[in-house]
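This report covers strand pairing, salt bridges and aromatic contacts in one protein model. The sequence and structure come first.

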Amino acid sequence: MASSTGKKTRSLSPERIYDLLMTTRTADEITVCFKDGRVITGALVFNHLKGTGRLINVDQELSLDFAIDEVRDLRS
């Protein structure tokens with residue numbers, strides 16, 4: 001049996017990502033892993049009608065707009 005020491009990359013379906021964004025949109029902080037490799041933590045503003053969101057990290061003075069199809073995974 002072969003074992004891997006590499007990190008397993010998890011990719012969620014767009015429907016699952018949408019559901020997670022809906023349930024975490026009131027969380028103080030979430031971590032979003034993007035398909036391009038970026039990992040950003042911040043407060044979430046999510047527009048469920050447009051399927052877009054914004055992550056705001058006050059400490060890093062960062063505000064990032066994104067679409068659901070850019071997201072690979074979420075952690076709260």
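This is a predicted model: local features need pLDDT of at least 70, side-chain atom pairs count only at pLDDT 80 or more; totals for chains, interfaces and linings use all residues.

The side chain of D36 meets that of R38 in a salt bridge, at 2.8 Å from N to O. R38 is partly exposed, with a relative accessible area of 29%.

R38 also forms a salt bridge with E70, where the closest N and O atoms are 3.8 Å apart. This pair links distant parts of the chain: R38 sits in the loop between strand 1 and strand 2 (39-47), E70 in the loop between strand 4 (62-67) and strand 5, and 32 residues separate them. E70 is partly exposed, with a relative accessible area of 31%.

The structure holds three salt bridges. One of them joins R54 to D65, with the closest N and O atoms 2.6 Å apart. R54 belongs to strand 3 (residues 52-57) and D65 to strand 4, so the pair ties together parts that are eleven residues apart in sequence. The relative accessible area of R54 is 34%, which makes this residue partly exposed. Salt bridges that share partners join D36, R38 and E70 into one network.

## Aromatic pairs

There are two aromatic pairs in the structure. In the pair of Y18 and F46, the ring centres are 5.7 Å apart and the planes stand at 70°, so the arrangement is edge-to-face. Y18 lies in helix 1 (residues 14-24) and F46 in strand 2, so this contact ties together parts that are 28 residues apart in sequence. Y18 is partly exposed, with a relative accessible area of 28%, whereas F46 is buried at 9%.

F34 and F66 also form an edge-to-face pair, with 5.7 Å from centre to centre and 75° between the planes. F34 is in strand 1 and F66 in strand 4, and the two are 32 residues apart. Both F34 and F66 are buried.

## Strands 1 and 5

Strand 1 (residues 30-34) and strand 5 run antiparallel and are joined by four bridges. Within this pairing, V32 stands opposite L74 of strand 5. Four of the five residues of strand 5 (residues 71-75) are buried, so this strand is largely enclosed by the rest of the structure.

Note on methods:
Residues are numbered from 1 along each chain as its sequence is written. Side-chain values use heavy atoms; hydrogens and water are left out. Buried means under 20% relative accessible area, exposed over 50%, partly exposed in between (1.4 Å probe, protein chains only). Two strands pair if DSSP finds at least two bridges between them. A salt bridge is a side-chain nitrogen of Lys or Arg within 4 Å of a carboxyl oxygen of Asp or Glu. Rings of Phe, Tyr and Trp (its six-membered ring) pair if their centres lie within 6.5 Å; planes under 30 degrees apart count as stacked, over 60 as edge-to-face and the rest as tilted.
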